[in-house]
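Please read the following walk through the structure with the coordinates open beside the text, so that each pair and each residue can be located as it is named.

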Amino acid sequence: MSRLQQRLQDQRFRNDYQLVDGAEMHRANPATFHVPPAVLKRQVRPGQFVELRIDSPRFSLHDEVAEKCPCPSCAGPLSKPILKHTHPASLFPLPDQVIPSRGWGEDFWVRISERVDDLFLGVVDNVMVESRLHGVWFGSEIVFHADHLLAVHDVHRRELVSGMDVQDLKELAAWLAELRGPTT
């Protein structure tokens, strides 16, 4: 077992929080929940920002009607809110915000520091709202699998494509055509 595999297996978050499997969420909601295709995930490397989500089933639903609480990634209805950090803090620093912990899920950015096959080590690059509950803080190291990726930050778009060979570009084009749907 590799060092990253062992760290992923040993990694624990407080209060039953877990990293959300973006690939699984996409399979369950393919029309609305999009994640990077395999061809993009293969291009991701150290120094780049990727988005992850952490959530816990332990906390109850929020008081508002779930249908009024849209997922920040797919706009579908949620049973509880997901807090979203739009950009990494090192790219767009924000003033400190005081938001009460409520047990919500949280989307956040990580700067990759190491990659071994489909496993990554990264550093959290957002001031997390729910840190008191899940124990993940700005600057925390986190280990994750490619399936956990929700997005690759837009600043890396050109970098990702320029690293592709012809076969990768064809695969990317096929994925984009699939997203657009049938043309008339």
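In this predicted model, the side chains of aspartate 107 and arginine 53 meet in a salt bridge, with a distance of 2.5 Å from N to O. The two partners belong to distant parts of the chain, since aspartate 107 sits in strand 4 and arginine 53 in strand 2, 54 residues apart. Both aspartate 107 and arginine 53 are buried, which, by the cut-off used here, means that each has under 20% relative accessible area.

A further set of salt bridges, linked through shared partners, joins Arg42, Asp168 and Glu171 into one network.

Aspartate 168 counts as buried because its relative accessibility is 12%, a value under the 20% cut-off. Arginine 42, at 41% relative accessibility, counts as partly exposed, and glutamate 171, at 33%, likewise counts as partly exposed. For the structure as a whole, the count of salt bridges comes to eight.

If residues up to four places away in sequence are set aside, arginine 7 touches Leu121, Glu141 and Val143. For one of these, valine 143, the separation from arginine 7 is 136 residues in sequence, whereas the C-alpha to C-alpha distance in space is 6.8 Å.

On the surface, Leu91, Phe92 and Val155 form a nonpolar patch, and together they have about 250 Å² of accessible area. Phenylalanine 92, one of the residues in this patch, is placed in the loop between strand 3 (82-84) and strand 4. With a relative accessibility of 43%, phenylalanine 92 counts as partly exposed.

The last topic is the backbone. Most residues other than glycine have a negative phi, and it is against this background that two residues deserve a look. Asparagine 15 has a phi near 55 degrees, which is a positive value in a residue other than glycine. Asparagine 15 is found in the loop between helix 1 (3-10) and strand 1 (18-19), and because its relative accessibility is 22%, asparagine 15 counts as partly exposed. Aspartate 117, although it is not a glycine, has a positive phi of about 55 degrees. Aspartate 117 lies in the loop between strand 4 (105-116) and strand 5 (119-124). Is aspartate 117 buried or exposed? Its relative accessibility is 66%, so aspartate 117 counts as exposed, the cut-off for that class being over 50%.

Key. Residues numbered from 1 in each chain as written. Predicted model: local features only at pLDDT ≥ 70, side-chain atom pairs only at ≥ 80, totals over all residues. Heavy atoms only, no water. Helix = DSSP H or I, 4+ residues; strand = E, 2+ residues; numbered from the N terminus. Buried < 20%, exposed > 50% of the residue type's maximum accessible area, 1.4 Å probe, protein only. Patch = residues over 30% accessible without salt bridge, like charges linked within 9 Å, V, L, I, M, F, W, Y side chains within 5 Å. Areas by Shrake-Rupley, 256 points an atom, 1.4 Å probe, with all protein chains shown as cover. Salt bridge = Lys/Arg side-chain N within 4 Å of Asp/Glu carboxyl O. Contact = heavy atoms within 4.5 Å.
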